[in-house]
Amino acid sequence: MIRKKIAAGNWKMNNTQAEAIQLARQLATTQIPEDTLVILGVPFVYIKDVQSAISGTNIEIAAQNCHQELSGAFTGEISASMLASMDVKYVILGHSERREYFEESNELLAKKTNTALSQGLKVIFCCGEALPVREAGSHVAHVKTQLEEGLFHLSADDLKNVVIAYEPIWAIGTGVTASSDQAQEMHREIRALLSNKYGTDTADQMHILYGGSVKPGNASELFSQLDVDGGLVGGASLKAEDFKAIILA
Ligand code: PGA
């Protein structure tokens, strides 16, 4: 099964409006390979600007979060229906920074995922372990629980609108990247879990991205692993030249 590669950027809470527009314009000039999908995870406030800057390209936009309810008295929050109404196609859910700083549990993420899918959004669902969990040898069990509690209530049809991003927390923003063997090992485990639950056809269609200090220098080695279908990129997605190199990798 040949799966498209995905290069997804996660801009997090960075850049002014002018910088965001400039970055998007620079990326819009990239010759994106046929077999590659590029997604930019932009701050809510710049979605419209970035949409204009990339119009006419195949680049897609992701929001970095959404609320679990569709509307109501939730001051300061953004709903999946709002995103869908702005023609946003993807939403990143369960990033480790949201799990940690905003106490997002697997149960909450299951709700957010349902809400996002109900509005026709595709979900980039993040999972991954902290360093002590890996050192204790429990990383596979940890990720298994995150997927079972966050995603495995979905039907196979719904699951096809989910992209899984494996992001070991110890590799995020630290400059320490998982080795390609470590990445492949976890990705293979994730695909095996998907296969056990949903069957091999569904498992083979699912995209599993690696995230955590992906850089131009390590992207092609990581992305060439059998079960690694691309990357979710933080720091390096803020520099047009670096992200272009990662897209081409
Ligand atoms: P990083 O972040 O590439 O800066 O390590 C990845 C992420 O948090 O998605």
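User: What counts as a cavity in this predicted model, and about how much space lies in the largest cavity?
Analyst: A cavity is a set of grid points, over the protein atoms alone, where a 1.4 Å probe fits but cannot get out. The model examined here is predicted. The count comes to 1 cavity of 30 Å³ or more. The space in the largest cavity is about 40 Å³.

User: Which elements give two or more residues to the lining of the largest cavity?
Analyst: The lining of the largest cavity consists of G94, H95, S96, R99, C126, C127, G128, Q146 and E167. By class, these lining residues divide into 2 nonpolar, 5 polar and 2 charged. The elements that contribute two or more residues are α4 and β5 (122–127).

User: About how much space lies in the largest pocket, and which residues are the closest to its centre?
Analyst: The largest pocket holds about 490 Å³ of space. It is lined by 23 residues. Those closest to the centre of this pocket are K12, M13, Q64, N65 and R98.

User: Which residues come nearest to the ligand?
Analyst: The shell around the ligand divides into 4 nonpolar, 7 polar and 2 charged residues. There are 13 residues around the ligand in total. The nearest of them are K12, H95, E167, G173 and S213.

User: Why is H153 classed as partly exposed?
Analyst: H153 lies in the loop between α7 (139–150) and α8 (156–159). Buried means under 20% relative accessible area and exposed means over 50%, with partly exposed in between. H153 is therefore partly exposed, because its relative accessible area is 41%.

User: What distance separates the C-alpha atoms of H153 and A116?
Analyst: H153 and A116 are 37 residues apart along the chain. In the predicted model, the separation of their C-alpha atoms is 14 Å.

Notes. Residues are numbered from 1 along each chain as its sequence is written. This is a predicted model: local features need pLDDT of at least 70, side-chain atom pairs count only at pLDDT 80 or more; totals for chains, interfaces and linings use all residues. Side-chain values use heavy atoms; hydrogens and water are left out. On a 1 Å grid over the protein atoms alone, a cavity is a set of points where a 1.4 Å probe fits but cannot get out, and a pocket is an open set with protein on both sides within 12 Å along at least five of seven lines; lining residues have an atom within 4 Å of a point. Grid points are joined across faces, edges and corners, and a volume is the space filled by probe spheres set on the points. A residue is near a molecule or strand if one of its heavy atoms lies within 4 Å of it. Ala, Val, Leu, Ile, Met, Phe, Trp, Tyr, Cys and Pro count as nonpolar, Asp, Glu, Lys and Arg as charged, and the others, Gly among them, as polar. Helices (H or I, at least four residues) and strands (E, at least two) are DSSP runs, numbered from the N terminus. Buried means under 20% relative accessible area, exposed over 50%, partly exposed in between (1.4 Å probe, protein chains only).
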